[in-house]
Amino acid sequence: MELTIVQPDDFHLHLRDGALLEAVTPHSAKHFGRAIIMPNLKPPITTTSSAISYRESILKAIPKTSNFTPLMTLYLTDATTPNEIQLAKKSGFVYGVKLYPAGATTNSQDGVTDLFGNCYSVLEEMVEQGLPLLVHGEVTNPEVDIFDREKVFIETILEPLIQRLPQLKVVMEHITTMDAVKFVESCKEGYVAATVTPQHILLNRNALFQGGLQPHNYCLPVLKREIHRQAIVSAITSGSRRFFLGTDSAPHDRRKKESACGCAGIYNSPVALSLYAKVFEEAGALDKLEAFTSFNGPDFYGIPRNKSKIKLRKSPWRVPECLSFPFGDIIPMFAGETLEWEALLI
Ligand SMILES: NC(=O)N[C@@H](CC(=O)O)C(=O)O
Ligand SMILES: [Zn+2]
Ligand SMILES: [Zn+2]
């Protein structure tokens with residue numbers, strides 16, 4: 001079986017910097033046309049000028065034969081100014097502003113402590129400039145059960161936000177619950193959308209504990225119950241235009257994952273397209289795959305769809321156990337397992 005589709009984009013990607021950037025960029029560049037590059041570096045990308053120099057280093061890491069284009073984002077802080085938003089838009093290189101609630105996830109220490117109190121004028125400027133707010137949607141109160149943090153974020157932050165600023169474009173990143181599906185579906189199309197990762201449509205929270213603690217399945221927001229996974233699969237295979245591909249591929253050195261205090265993030269760039277194809281095939285919805293991977297995202301962001309094509313072919317291949325680099329190892333999602341679908345640029 002074979003399928004030819006317009007080349008997909010990845011609307012949520014972590015490329016990191018330094019040696020890690022050089023190691024992982026070719027994997028994304030092999031399949032994807034463009035990617036929204038997350039700004040949670042150390043230190044974070046908080047200004048347009050740092051986004052532009054980060055973009056330069058990414059361009060150097062792209063193999064010569066690839067047409068891969070990074071779409072940059074800014075990391076929102078309590079100190080971001082409306083003027084920075086104007087500069088970002090004017091540069092032509094920045095496509096969104098990322099909200100990390102302070103303490104919610106990897107490298108979020110410099111994130112926002114009070115969105116309405118500290119960032120309201122910035123949000124108003126984003127409406128003015130048509131720049132979307134990309135949201136890690138979890139509350140950070142340690143008393144809230146970790147499995148409820150996305151739902152509580154929707155109720156306490158997102159609903160009031162879209163009430164107050166209905167013209168703001170919002171992408172709820174890496175959704176994990178039926179609550180998020182319902183919220184996105186209840187909003188005005190074209191203003192609120194969501195990215196969906198391979199892990200949140202293939203795995204449920206059992207995968208964290210299958211045969212023992214599985215650090216390579218740990219990401220944030222954490223995997224949820226099976227009913228939530230099913231709700232997300234139904235939403236994306238329904239043909240809704242509100243959901244699109246965002247891998248949240250988040251490489252970490254193996255030693256940081258396999259540790260007494262392992263960090264959050266799943267590295268899935270090399271396997272992502274195979275996995276999305278598997279889910280759509282199992283749902284009997286391969287005819288809806290191309291809109292999810294290649295149309296809905298560019299349409300929401302207001303950028304042209306890609307012109308080039310990619311072939312998805314049923315041709316089993318084995319995911320490497322480990323990707324070794326001079327600085328250390330990265331363990332890919334589904335390491336050592338055989339996947340049915342293979343993606344090839346044409
Ligand atoms: N998803 C993750 O578990 N980790 C991401 C951060 C993020 O997207 O929340 C990372 O940068 O490692
Ligand atoms: Zn996140
Ligand atoms: Zn992420």
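**Exercise 1. Determine what share of the contacts with a separation of 6 or more in the protein chain comes from residues 24 or more positions apart, and describe the overall fold dimensions.**

Solution. In this predicted model, residues 24 or more positions apart make up 72% of the contacts in the protein chain with a separation of 6 or more. Next, take the secondary structure: the protein chain has 11 helices and 13 strands. The radius of gyration is 19 Å, close to the 20 Å that the globule rule gives for 346 residues, so the protein chain is as compact as a globular protein of that length. Along the principal axes, the C-alpha atoms fill a box of roughly 50 × 45 × 40 Å. Finally, 48% of the 346 residues count as buried.

**Exercise 2. Describe the stretch that UniProt lists as "domain: Amidohydrolase-related".**

Solution. The UniProt record, an unreviewed entry, assigns this domain to residues 10-314. Over residues 10-314 the chain is 40% helix and 13% strand. The end C-alpha atoms of this stretch are 22 Å apart.

**Exercise 3. Identify the residues with the most contacts inside the largest nonpolar core, and the element that gives this core its largest share.**

Solution. The largest nonpolar core has 93 residues, and Met 172, Ala 194 and Tyr 276 have the most contacts inside it. Its largest share, 7 residues, comes from helix α10 (residues 272-282). Burial in α10 is checked next: 8 of its 11 residues are buried, among them Leu 275, Tyr 276 and Phe 280. After α10 comes Gly 284, with a positive phi near 65°. For Ala 194, contacts beyond four places in sequence are Val 171, Met 172, Ile 175, Ala 180, Val 184, Arg 242 and Phe 243.

**Exercise 4. Locate the cis peptide bonds from Lys 42 to Pro 43 and from Leu 220 to Pro 221.**

Solution. Omega is about -5° for the bond joining Lys 42 and Pro 43, and Pro 43 lies in the loop between β3 (34-37) and α2 (48-61). For the bond from Leu 220 to Pro 221, omega is near -10°. Pro 221 is in the loop between α7 (198-202) and α8 (226-237).

**Exercise 5. Classify Asn 107 and His 174 as buried, partly exposed or exposed, and give the phi of Asn 107 and of His 174.**

Solution. Asn 107 has a positive phi near 55° and lies in the loop between β5 (94-99) and α4 (115-129). With 18 other C-beta atoms within 10 Å, Asn 107 is partly exposed. His 174 has a positive phi of about 35° and is found in the loop between β7 (170-172) and α6 (178-186). His 174 counts 26 C-beta neighbours inside 10 Å and is therefore buried.

Technical notes: Residues are numbered from 1 along each chain as its sequence is written. Chains are lettered from A and ligands numbered from 1 in the order in which they are written. This is a predicted model: local features need pLDDT of at least 70, side-chain atom pairs count only at pLDDT 80 or more; totals for chains, interfaces and linings use all residues. UniProt positions are given in the numbering used here, feature names are shortened, and annotations may be inferred rather than shown by experiment. Helices (H or I, at least four residues) and strands (E, at least two) are DSSP runs, numbered from the N terminus. The radius of gyration is taken over C-alpha atoms; the globule rule is 2.2 Å times the number of residues to the power 0.38. A residue is buried if 20 or more other C-beta atoms lie within 10 Å of its own, exposed if 12 or fewer, and partly exposed in between; C-beta atoms are placed from the backbone. Two residues are in contact if their C-beta atoms, placed from the backbone, lie within 7 Å. A nonpolar core is a set of buried Ala, Val, Leu, Ile, Met, Phe, Trp, Tyr and Cys residues joined through C-beta atoms within 7 Å.
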